[in-house]
Number of protein chains: 2
Amino acid sequence: MRKKDLSPEEKFGATLKAIRLSKGLSQEELAFSANLHRTYVGSVERGERNVSIRNIFVLCEALDIKPSDFFREIEKIKGSK
Amino acid sequence: MRKKDLSPEEKFGATLKAIRLSKGLSQEELAFSANLHRTYVGSVERGERNVSIRNIFVLCEALDIKPSDFFREIEKIKGSK
């Protein structure tokens with residue numbers, strides 16, 4: 001039985017955290033460069049936010065990653081179609 | 001002077017429409033298979049919706065396209081970073 005499939009929000013959050021850490025950024029630094037609140041970034045990473053397309057672009061730009069590459073990382077998560 | 005850069009919502013909507021048409025689907029058919037309302041799909045295509053990650057996954061699944069491929073199409077739009 002596969003671990004409960006992660007929700008889209010949880011997959012997005014886990015990927016955001018992994019890429020942020022791979023770039024050596026803290027939540028504060030990512031939030032600052034994305035012009036978002038740190039607590040918002042934390043809640044996104046915990047999978048608590050149904051993130052919008054606008055913030056997806058803002059977060060990807062702050063991480064200096066193309067959204068298509070970001071979603072390719074999401075798709076590597078087990079249980080992703 | 002470049003045409004006003006499209007907003008994320010407008011880029012998403014234009015891409016959704018292009019891919020839907022390339023698959024020979026009407027808005028009704030896409031909305032039905034995505035379990036969304038037809039008027040919602042129309043408003044997304046017009047760039048009026050700040051679409052959420054959950055609906056991005058739902059729409060991509062209904063179009064049988066990976067989100068990463070969908071965003072690669074968005075990135076082909078002039079003025080996209």
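A search of the whole structure, which is a predicted model, finds 12 salt bridges over all chains. One of them runs from A:R54 to B:E9, with the closest N and O atoms 2.9 Å apart. A:R54 belongs to helix α4 (residues 53–63) of chain A and B:E9 to helix α1 (residues 8–22) of chain B, so this pair joins two chains. Between chain B and chain A the count is 2 salt bridges.

Other salt bridges stay inside one chain. In chain A, the salt bridge between A:D69 and A:R72 has its closest N and O atoms 2.3 Å apart. Both residues sit in helix α5 (residues 67–75) of chain A, and their separation of 3 residues is about one turn of the helix. A:D69 is partly exposed, with a relative accessible area of 25%. A:R72 is likewise partly exposed, at 31%.

In chain B, B:E28 forms a salt bridge with B:R38, and here the closest N and O atoms are 3.5 Å apart. This pair links distant parts of the chain, since B:E28 lies in helix α2 (residues 27–34) of chain B and B:R38 in helix α3 (residues 38–45) of chain B, 10 residues apart. B:E28 has a relative accessible area of 45% and is partly exposed. B:R38, at 32% relative accessibility, also counts as partly exposed. As a general point, side chains of opposite charge can pair when their charged atoms come close.

The next topic is the aromatic residues. Over all chains, the search of the whole structure finds 7 aromatic pairs. Among them is the pair of A:F57 and B:F71, which is tilted, with 6.3 Å centre to centre and 50° between the planes. This pair crosses between chains, going from A:F57 in helix α4 of chain A to B:F71 in helix α5 (residues 67–75) of chain B. Both A:F57 and B:F71 are buried. B:F71 also pairs with B:F70: the ring centres are 6.2 Å apart and the planes stand at 65°, so that pair is edge-to-face. The relative accessibility of B:F70 is 0%, and B:F70 counts as buried. For B:F71 the value is 0% as well, which again counts as buried.

A:F12, A:F57, A:F70 and A:F71 from chain A form one aromatic cluster with B:F12, B:F57, B:F70 and B:F71 from chain B.

A:C60 lies in helix α4 of chain A, the helix that also holds A:F57. At 1% relative accessibility, A:C60 counts as buried. Leaving aside residues up to four places away in sequence, A:C60 touches A:I65, A:P67 and A:F70. Of these contacts, A:F70 is a member of the aromatic cluster. The C-alpha atoms of A:C60 and A:I19 are separated by 9.7 Å, while the two residues are 41 residues apart along the chain.

How are the two chains arranged? A rotation of 180° with 0.0 Å of shift along its axis superposes chain B on chain A, with an RMSD of 0.0 Å. That is the relation of a two-fold axis. Of the interface residues of chain B, 100% are also interface residues in chain A, so the copies meet through the same surface.

At this interface, 21 residues of chain B are in contact with 21 residues of chain A. The area buried between the two chains is about 1900 Å², and carbon and sulfur atoms give 62% of that area. There are 12 residue pairs in polar contact between chain B and chain A, with both residues at pLDDT 80 or more. On the side of chain B that touches chain A, α1, α4 (53–62) and α5 of chain B each supply at least two residues. The largest share of that side, 6 residues, comes from α5(B). Helix α5 of chain B is also where B:F71 lies, and helix α1 of chain B is where B:E9 lies.

Terms used: Residues are numbered from 1 along each chain as its sequence is written. Chains are lettered from A and ligands numbered from 1 in the order in which they are written. This is a predicted model: local features need pLDDT of at least 70, side-chain atom pairs count only at pLDDT 80 or more; totals for chains, interfaces and linings use all residues. Side-chain values use heavy atoms; hydrogens and water are left out. A salt bridge is a side-chain nitrogen of Lys or Arg within 4 Å of a carboxyl oxygen of Asp or Glu. Helices (H or I, at least four residues) and strands (E, at least two) are DSSP runs, numbered from the N terminus. Buried means under 20% relative accessible area, exposed over 50%, partly exposed in between (1.4 Å probe, protein chains only). Rings of Phe, Tyr and Trp (its six-membered ring) pair if their centres lie within 6.5 Å; planes under 30 degrees apart count as stacked, over 60 as edge-to-face and the rest as tilted. Copies are superposed by least squares on the C-alpha atoms of residues with pLDDT of at least 70 in both. Contact means heavy atoms within 4.5 Å. Buried area is the accessible area (1.4 Å probe) that two parts lose on being put together, summed over both. A polar contact is a pair of N or O atoms within 3.5 Å; within protein, one must be able to donate a hydrogen and the other to accept it, and residues adjacent in sequence count only if both atoms are side-chain atoms.
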